[in-house]
Amino acid sequence: MLVADLMKLKNARVPTVRMGETVEMAATLLNRERIGAVVVKDACGSEGVTVVGIFSERDVVRAIAERGALALRLTVGDLMSRNMISCRMEDSVDHVRALMEQHHVRHLPVMEEHQLVGVLSIRDVLSHDVRAAATLSGAAMADVTAAPLPA
């Protein structure tokens, strides 16, 4: 299965945040949208608005643990991950799973032609795995029930 197949099952709307927004605002967005990470965009000269990083609930927790409540006044740009790992629509789910495992991330922006088209989470990958296992299990059960019983 490809990333494109998983993206068909997701909401087309992708919440984003700007680099200059506060951590408090971003945390509110994460909570309201019930998501674990948000893509960070910013204006970059001639390129217009572009993806510049990812900001996650882990970033919020880490900042509060290190700086206390003052962390909420920092900007997303102060804390976001700039070395963003992403995937493409034609990538396989196995490739996405490997990227998440290798880079210890739970969210991958899906990019096409330098444009953000969505975000895949580990939950999306696990849901796919569960559906695939159920399909396999159902097929195996059908084989067992179709086989003649021994005399």
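His-104 is exposed, with a relative accessible area of 63%. In this predicted model, the residue sits in the loop between α5 and β4, just after the end of α5. Its phi is near 55 degrees, a positive value in a residue other than glycine. Most residues other than glycine have a negative phi.

His-114 is a further case: its phi is positive, about 65 degrees, although it is not a glycine. This histidine belongs to the loop between β4 and β5 (115-121). His-114 is exposed, at a relative accessible area of 73%.

## Helix α5

Helix α5 covers residues 93-103, and within it Val-93, Val-96, Leu-99 and Met-100 are buried. Viewed down the axis of α5, the buried residues fall within an arc of 120 degrees, so they line one face of the helix. An α-helix has 3.6 residues a turn, so residues three or four places apart point the same way. The other side of α5 carries Asp-94, Glu-101 and Gln-102, which are exposed.

## Nonpolar cores

The largest nonpolar core has 17 residues; Val-17, Val-40, Phe-55, Val-76 and Met-80 are those that touch the most other members. Two or more residues come from each of α2 (23-33), β2 (37-43), β3 (49-56), α3 (57-67) and α4 (76-79). The biggest share is that of α2, which gives four residues. In soluble globular proteins, nonpolar side chains tend to be buried together.

Val-76 can be looked at in more detail. Leaving aside neighbours within four places in sequence, Val-76 is in contact with Val-17, Arg-18, Met-19, Glu-21, Thr-22, Val-23, Ala-26, Val-40 and Phe-55. Apart from this core lies another, of 13 residues, including Cys-87, Leu-99, Met-100 and Val-110. Leu-99 and Met-100 are also among the buried residues of α5.

## Salt bridges

The structure holds 10 salt bridges. One of them joins the side chains of Glu-57 and Arg-106, at 3.6 Å from N to O. This pair links distant parts of the chain, 49 residues apart: Glu-57 is in helix α3, and Arg-106 is in the loop between α5 and β4 (107-112). Glu-57 is partly exposed, with a relative accessible area of 35%, and Arg-106 is also partly exposed, at 31%.

Asp-129 and Arg-97 meet through their side chains in a salt bridge of 2.5 Å, N to O. Asp-129 lies in helix α6 (residues 122-146) and Arg-97 in helix α5, so the pair ties together parts that are 32 residues apart in sequence. Asp-129 counts as partly exposed at 26% relative accessibility, as does Arg-97 at 24%.

Glu-90 forms a salt bridge with Arg-88, and the closest N and O atoms are 2.8 Å apart. Glu-90 is partly exposed, with a relative accessible area of 43%; Arg-88 is partly exposed, at 43% relative accessibility. Elsewhere, a network of salt bridges links Arg-13, Arg-32 and Glu-33.

Conventions
Residues are numbered from 1 along each chain as its sequence is written. This is a predicted model: local features need pLDDT of at least 70, side-chain atom pairs count only at pLDDT 80 or more; totals for chains, interfaces and linings use all residues. Side-chain values use heavy atoms; hydrogens and water are left out. Buried means under 20% relative accessible area, exposed over 50%, partly exposed in between (1.4 Å probe, protein chains only). The arc is that of the directions from the helix axis to the C-beta atoms. A nonpolar core is a set of buried Ala, Val, Leu, Ile, Met, Phe, Trp, Tyr and Cys residues joined through side-chain atoms within 4.5 Å. Contact means heavy atoms within 4.5 Å. A salt bridge is a side-chain nitrogen of Lys or Arg within 4 Å of a carboxyl oxygen of Asp or Glu.
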